[in-house]
Amino acid sequence: MIEIKGVHKRFNPGSVNEVYALRGLDLSVADGEFVTIIGTNGSGKSTLLNAVAGEFQPDEGTIAIAGRDVTVAREFQRAALVARVFQNPFLGTVPGMSVAENLHLASLRGGAAWPRLGLTRRRREDYRDRVRALEMGLEDRLENTIGTLSGGQRQALTLLMAVMNAPLVLLLDEHTAALDPKSAAQVIKLTRQFVEDRGLTTLMVTHSMRQALDLGTRTIMMHRGQVIEDISLAQKRRLTPEDLLERFAELRRGEQLTDDMLDQLRRAYV
Amino acid sequence: MELWVGAIVLGLLYAFMTTGVYITFRVYNFPDITVDGSFTSGAAVAAALIVAGVNPLTGLLASLAAGAFAGAATALIHTRFKINGLLSGILVMTGLYSVNLHLMGRSNIPLLQHATLFTSLDAANPGLPGPVWSALALVAVMAAFWLLMSSLLRTDLGMVMRATGENPRMASANGVNVDRITILGLALSNGLVGVSGGLVAMYQGFADVTMGVGTIVVGLASVIIGQSALRVRSLGGQVLSAVVGSVIFRLMIALALYLGLNPIDLKLLTAAFVLLTLVLSQRVGKRQGKPFALAGPARSRWAWGLAVALAALAGWWALGQGPAPAPGPEAGRAKPLVGLIQLTDNALLDITRDSFAQQMRALGHVDGVNIRLDLQNAHGDLPTVNLILDKFIKDGASLVVAVSTGAAQAALKKVNDRPLVFATVANPFIINAGKSDTEHLPNVTGVYGWTPMDKTMALVRQIFPGPLRVGAVWDPSQANAVFNVENLKQAMAACPDLSFRGSTVAGSGEVYQAVQSLVGQGVDVLVLPTDNIVYSAFDAVVAAARPRKTPIVISDVERLADGALLALGYDYTSSGRQAARLADRILKGENPRDIPFERYESLTVGLNLDVARELGVAIPPEVMAQATLVHPAPQAAPGPAQEPAARAAAAATGRGKRLAIFLFADHPVVLDSLRGVQDELSESGALEELGLEVVVKSAQGEMALGQAIAQDLVRQRFDYIITLSTIALQLSSQFNETIPQVFGTVTDPYLTGVARSPTDHQPNLTGVATFQPVEAVIKNAREVFPRAKRIGMAWNPGELSSEACTMLARKVAPAYGFELVEANVTSTAEIMEAVQSLLIKDVDLFFLSGDSTMLSAFDTVAKMLHKARVPLLSNSCADIERGAFLSVGPDYYNVGRRTAAMALRVMRGEPTQGMPIESYVPETLCLSRALAAQYGVTLPDSVVGRAAKAGEGR
């Protein structure tokens, strides 16, 4: 479903702020796979998602979705194939528009927007049913503006909006990180439900080792713009969050050896 | 009634524009300045098409397209090239100015003779008063438009537009092509602005290339005012508030006019009002956590506060203005109202207005006694012109007087049921006031005339015979300027040895460059046809023409004294006077239909002899004979002008002569000469003999005060003036062209321009020139310092007298074997650096002449030189006490005495014209023994013998 080959990306090339975010990334995701992505800060997890979403074009390499080369396609052109939920609950919706209008916007994904009154009474009923399924009591607040909702409610709606038009790929970028534990649990529950019901090919970035192991059919670990571990469903079942943490600790040691040594030497001799 | 209804109509016409601004400003969050250009584009396209015979409705659709095109251009620049939205708008708006001129083919298209949407509307009037019918029809149109717009924003497309404005990142993620939707939105917005422009052009009866200026500000103000007034959050409410805001804005202007508030203050009021609403809604918004969504109690409290504040303001004005100009019906019946409107503030229009009022009085129509005269000025704002006209109609004016082409054009459209008199209009036929002097609109008559360029060119030919390159500068957006230039070209076509070079400007800021380029192309003479923009920057024309001494010929006699050689034009007082006579006939019952248009009567030919002399242009006697105004005015003393009469009157009343002594600063040198003047005057016995009253005025070193004093001396008609110091002479000679004046304590009068040689000077003044004894300083320095090689000198090139000293020093120093090393200062802040730089160059001596910048830091300079053991030379003995080594100075007390002696000759009847300027330099040499001892310098006996004073110094 997703084929990423040799993708390189540098931001602000040639400046002091240069960031070499993706360094020859290769990744192949099969149809219906639910991949959780973990990695250190700055390892390129979000950049990988943005590359698939089309927020930028890679410097090198190719990206294909469902057999179509989308390397140079812009974000809005991929929107029919790809849907996403941002970490920031404010980003996924339009705060000044009502719940129904936001859902209607999502329903327009992949089609053209004509000057017609598309938000009909029937549509509204449809949206009401869908919102009711979220179990957040939003079915009575269809005409309220999004700006009056909580972060958890917004994120649940964004998720609903993302899967509404049956995209081929769903991108979740730490979409529960900014939520309170209760809302986060509800959103995770919904995520699992939507992905399993519709068999969506999903990439989900997370910081929670528990989430990474519990959810999905495959886990990849990223470091310095590359995939360094690819853990299958069978392996996942055997691993604990502590194993993953140990792997991170190894990475850190490998990288900061010299610094640590210096520090120790300093302590010993001063 | 008309005033308020007219304001509502205008508000509704502008509401299309404010709705457009609402879309960019509120929906898209895009600061779009294109509006100022697209508004005019809409007007231009509609007007051009209507004149070409196209159906007005089609014209309006074209306005929509033109505006949309402009908006799309801005959005394309913004999205494609990633250029800041504000900047993109500015770029397109600037470019549109040229495009609009091309679209119209000229700066102004009148629509009076053409059917517009409003003509069709009037034809369908079922019998209501005109403005009421227009307002009702527009309200209906606006209701439909409101329904359309608020529905559009609710459609799929509208939702996508709103999402793009509010959260472009989300929109893009949801498959919205954000760039395309931005282009669409700006096109829609500016399309509406274009429609508004087209409608306003049809309503006011013409399109003008400047009509869009300031539109964006009005648009933003209206949106903000509307939202604050309605405070509705729903989409329909938001669109409605843009419409309502536009109407409120126009009503505010109408209210201000009704209260008699000067429209000048209106912009300030608008700014204050918008600021107030912004601050209030922000504060309330903060408390509520969201702007514009206000809970009941807070909303009403603020609204009440606002209302009370506004009411208080209005009341204050009403009190300040006295009783509101809406008198009872009986007063209105008894005293007919004459309303005069001028388009803008401009000397010509002001003169017309004032002479009109004056002549009306002379004809027995006295304001407040048997007529009411309402003089209004729109200060250049076209919508205000319409409101003022509405006010006249509302007040039941018996007669409207429109001064200037723009005001006349709007009045022709508005005023059709009562007499209209126009004045100071170049050509009433191009604005469709009539076909000929006798065949014209039945309610209209007036005074007009354009400068006869053929006569102007004939005079130019008499002064400059032979082949001639003629340059002209004009602003193509000024209808009358374009017309005048055409006349000029026609007048020139008759003579094959004349060639024409033209340069156009867009605004007064470009005039200097345009003239410079013409002068650079080597034009022989600049002939400037009447153009308000160019004439408002006439000083820039003079400055740009000066380097090549290019003569300037203009059509505005008022500006002759400002540097033109020849001015041929109308005396606009006659325009006002003739208009008053026409008004008089109409008020006495004549039908304007039977009163032919009149042309201005008196043509003035003005010559500036000062400029002629400066440029070295000889004025042939036959031209001189045609001149009706000569600048400067001929010398009054021997002639039969009014001055002798005044003097005779003064003698008859027993009043003596008055002498003013004008000094620039209370500088010691100047005070010395003042003492000399006073002693000479009192010892001569002239005070009693001539019954002389002496007044001393000092400007305290302040330039502005000096100018005021100089003007006041002329205004008070002093009989004689003595000026002491160069600047006093310069200031005084600038304003004083008739009063006999004697100057003293001036280094070089020839540099000031009042004289070219001792005998060739401004006729009303003469005096004493006292060159600093520069040579004496250098000569004595050579004797005292036989081995010295380099003299350092720091001076301010901005000072005339300093320049004179330096030039002399440059000439004299080599003759005595010195090398002069110079440094320039432009302010006191640079003095220390300048002196330091000279010290580094190993100067042996330092010469500080009469430079006042340097003198003001004399102590600092002396201290620096003392440290470096460099002797200081100067031109004033007083400096020895402050650290100078050797000074040769004029004795200014005696200079004062000599000045007064000359003044006495003038007072005893000798004409200044025949008195040559005297050169008088009484030298005094002073030395510092103390410094000589310190520096180990042996003073030669010859020098010590000559010294009047060998002080101890410091």
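**Terms and their grounds**

Reply: B:Y448 has B:R599, in β13(B), as its bridge partner. This is a predicted model, in which local features need pLDDT of at least 70, side-chain atom pairs count only at pLDDT 80 or more, and totals for chains, interfaces and linings use all residues. Residues are numbered from 1 along each chain as its sequence is written, and chains are lettered from A and ligands numbered from 1 in the order in which they are written.

Me: What makes β7 and β13 of chain B a pair?
Reply: Two strands pair if DSSP finds at least two bridges between them. Strand β7 (residues 444-448) of chain B and β13(B) are joined over two bridges in the parallel sense, so they count as a pair. Strands themselves are DSSP runs of E with at least two residues, and helices are runs of H or I with at least four, numbered from the N terminus.

Me: Why are β4 and β13 of chain B called edge strands?
Reply: The open sheet of six strands has the order β4-β3-β5-β6-β7-β13 (chain B), with parallel pairing. Both β4 (372-377) and β13 (598-599) of chain B pair on one side only.

Me: How do you know which strands helix α17 of chain B lies across?
Reply: Contact means C-beta atoms, placed from the backbone, within 7 Å. Helix α17 (residues 405-414) of chain B lies across β3, β5, β6 and β7 of chain B. The angle to β5(B) is about 145 degrees; axes are lines fitted to C-alpha atoms, for helices over the stretch in contact, and angles run from 0 to 180 degrees between N-to-C directions. Helix α15 (residues 347-362) of chain B lies across β3, β4, β5 and β6 of chain B, at about 135 degrees to β6(B).

Me: What is the pairing in the open sheet of seven strands?
Reply: The pairing is mixed, and the order is β9-β8-β10-β11-β12-β14-β15 (chain B). Its edge strands are β9 (498-504) and β15 (629-631) of chain B. From one strand to the next the twist averages 20 degrees. Within this sheet, β11 and β12 of chain B run parallel and are joined by two bridges, with B:I554 opposite B:A567.

Me: What makes the span of helix α2 of chain B close to the expected one?
Reply: The expected span is 1.5 Å times one less than the number of residues. Helix α2 (residues 35-51) of chain B has 17 residues and reaches 24 Å from its first C-alpha to its last, against an expected 24 Å.

Me: What makes the largest nonpolar core a core, and which residues touch the most other members?
Reply: A nonpolar core is a set of buried Ala, Val, Leu, Ile, Met, Phe, Trp, Tyr and Cys residues joined through C-beta atoms within 7 Å. The largest has 268 residues, and A:V52, B:A47, B:V160, B:V401, B:A411 and B:V553 touch the most other members. Helix α1 (residues 2-27) of chain B gives the most, 17 residues. Beyond its neighbours within four places in sequence, B:V553 has contacts including B:V460, B:V527 and B:L565.

Methods:
Two residues are in contact if their C-beta atoms, placed from the backbone, lie within 7 Å. A residue is buried if 20 or more other C-beta atoms lie within 10 Å of its own, exposed if 12 or fewer, and partly exposed in between; C-beta atoms are placed from the backbone.
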